[in-house]
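Thanks, everyone. Please have the sequence and the model open while I talk. I'll go through a few spots one at a time.

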Amino acid sequence: MPETVKQRVIQIIADQAILEVSDISMSQTLEELGIDSMGLVESIFAIEEAFDIQVPFNANDPEASDFDISSVASIVSAVEKLVADQTA
Amino acid sequence: MKRVVITGAGTINALGHNVPATLEAMREGRCGIGPLEIRDVERLSVQIGGQVHGYDPETHFNRQQISLYDRFTQFTLLAAKEAVEEAGLTFEGEFATQSGVVLGTAGGGVNTWDENYRTVYEEGKNRVHPFVVPKLMNNAAASHVSMEWNLKGPSFTVATACASSNHAMGQAFHMIRSGMTKVMITGGSESMLCFGGVKAWEGLRVMSKDACRPFSANRNGMVQGEGAAVFVFEDYDHAKARGATMLAEVVGFAMTSDASDIVMPSKQGAARAISGALKDAGLNRDQIGYINAHGTGTAANDKTECAAVADVFGHHADELMISSTKSMHGHLIGGTGAVELLACIMALRDGIIAPTIGYEEPDPECALDVVPNEAREAKVDAVLTNAFAFGGLNAVLAMRRV
């Protein structure tokens, strides 16, 4: 079975947090996972590279962009939407 | 200890190709930031900058010189010419052997790196121009200034990212104050508005795509600029004896390291540099009428800087003015402190405070008098200029009216 967007995003977040994939729960925030602002920027870069997408994100005002980073689940669904938009 | 005065100033930046044009733009609150005109700009997500327009190197330099002068060196040489000619100094004999040049730059010949990487990686060529190394090295500008003006004393380049110029000018100040030398040429330069230079910055996700709005609640990042500013720092007695015009006096300098994070600023590190400069200058807090802020327009810098100023100045923080001219000329990275020193000279000499333009919404975390959008007339006796670099290296200069 091919890897889903969700699995791949969780893998990227797990790598950044230096945790096992099994340790990541969808409701967790990046802060709870110990990912700081630099870790976030690196994760977004990894996501862009993995899916060949542009993530609209400005570190000065994370809330202003459509890309919701409030939890693992919100990041997964934001990436799923960007991937779907790209193939549409 | 010797007193140190500024007897010459020169610049080229997005606001003007010399000091009078730049100060006029600052007085009028003009914005030098606009669409970038560089190769492959369509592949950048950030397409604005404080670029020097209307500039043709061939009107100033011959072909042989251009083959040796990166854009950051060209800017430096033009600024140095204006400054030295204003000071009216010629460097000969024993005087020349003591006089030197200390400049700041973060990236040096970034355009030269960029162009030659294109040659070997993109175009697949296996040969580059023989002068690539002497053209791109960070000290190229300082060396060419020394050759142009016969400066044979202590000369070097300081690279501390966004604080480079302030650190450089601090060194020049120390050398004259200690009696080591009578005159130093100092300031800084930067030119990284090329595809690779901007692309690298994009990666950090701290750049604005539309404007630099320091201290405004709706600010969304920094905007890069380019250019140079160069000054003649001179021993007060030496300047007085020859009847030189003094633009301002440099009275204090302090530098600190946050020792905490490679990109996030620290209130404590900034506050220690600010209070250190006051102490070094022998100034009381309430003597400072104006601060030229680092004011990058990022969320993190501006609130941290305002908190540091509030901590150091207490009640007086509400009485002083603080503005960021980066809103007009962009962030010149290693050259920024030098261009911003011009706003300090204007405040002290002309009694005009340069504004923070692009200011739209008050931010409760930056609740100081940021001189929004319009320049202001005010008599100030002493000022500070802040520079807080990535890497947590802070440098603050204190100046006074002469």
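Start in chain B, with helix α3, residues 71–87, and helix α7, residues 140–149. This is a predicted model, so keep that in mind throughout. Two packed helices are described by the angle between their axes and the distance between the axes. Here the angle is about 40 degrees, and the axes of α3(B) and α7(B) are 9 Å apart. That angle makes α3(B) oblique to α7(B). The crossing of α3(B) past α7(B) is right-handed.

Who does the touching? From α3(B) come Phe72(B), Thr73(B), Thr76(B), Leu77(B), Ala80(B) and Val84(B). They meet Ala140(B), Ala141(B), His144(B), Val145(B), Glu148(B) and Trp149(B) of α7(B). Sorted by class, this contact between α3(B) and α7(B) holds 8 nonpolar, 3 polar and 1 charged residues.

Now a helix pair in chain A. Helix α1(A), residues 5–17, packs with α3(A) at an angle of about 130 degrees. Their axes are 9 Å apart. So α1(A) is oblique to α3(A). Their crossing is right-handed.

On the α1(A) side, the contact uses Val5(A), Lys6(A), Val9(A), Ile10(A) and Ile13(A). On the α3(A) side, look for Val72(A), Ile75(A), Val76(A), Val79(A), Glu80(A) and Val83(A). What classes do the residues of the α1(A) and α3(A) contact divide into? There are 9 nonpolar, no polar and 2 charged.

Back to chain B, for helix α9, residues 195–202. Which residues of α9(B) are buried? Gly197(B), Val198(B) and Trp201(B). Look down the axis of α9(B): these buried residues fall within an arc of 90 degrees, so they line one face of the helix. As a reminder, an α-helix has 3.6 residues a turn, so residues three or four places apart point the same way. The buried residues of α9(B) pack against α5 of chain B, residues 110–122.

Next, two backbone details. Asp52(A) is not a glycine, yet its phi is positive, near 55 degrees. Find Asp52(A) in the loop between α2, residues 37–51, and α3, residues 72–87, of chain A. Is Asp52(A) buried or exposed? It counts as exposed, because it has 8 C-beta neighbours inside 10 Å.

The other one is Asp40(B). Its phi is also positive, about 65 degrees, and again it is not a glycine. Asp40(B) lies in the loop between β2, residues 34–35, and β3, residues 48–49, of chain B. With 13 other C-beta atoms within 10 Å, Asp40(B) is partly exposed.

One more residue in chain A: Met26(A). Where is Met26(A) found? In the loop between α1 and α2 of chain A. Met26(A) is partly exposed, having 13 other C-beta atoms within 10 Å. Set aside its neighbours within four places in sequence, and Met26(A) is in contact with Ser71(A), Val72(A) and Ala73(A). For a sense of the distances, take Met26(A) and Ile69(A). They are 43 residues apart in sequence and 12 Å apart in space, C-alpha to C-alpha.

Last stop, where the two chains touch. How many residues does each chain bring? Chain B gives 9 residues and chain A gives 7. The chain B side divides into 4 nonpolar, 3 polar and 2 charged residues.

Methods
Residues are numbered from 1 along each chain as its sequence is written. Chains are lettered from A and ligands numbered from 1 in the order in which they are written. This is a predicted model: local features need pLDDT of at least 70, side-chain atom pairs count only at pLDDT 80 or more; totals for chains, interfaces and linings use all residues. Axes are lines fitted to C-alpha atoms, for helices over the stretch in contact, and angles run from 0 to 180 degrees between N-to-C directions. Helices (H or I, at least four residues) and strands (E, at least two) are DSSP runs, numbered from the N terminus. Angles under 35 degrees count as roughly parallel, over 145 as roughly antiparallel, 65 to 115 as roughly perpendicular and the rest as oblique. A crossing is left-handed if the near helix is turned anticlockwise from the far one by less than a right angle, and right-handed if clockwise. Two residues are in contact if their C-beta atoms, placed from the backbone, lie within 7 Å. Ala, Val, Leu, Ile, Met, Phe, Trp, Tyr, Cys and Pro count as nonpolar, Asp, Glu, Lys and Arg as charged, and the others, Gly among them, as polar. A residue is buried if 20 or more other C-beta atoms lie within 10 Å of its own, exposed if 12 or fewer, and partly exposed in between; C-beta atoms are placed from the backbone. The arc is that of the directions from the helix axis to the C-beta atoms.
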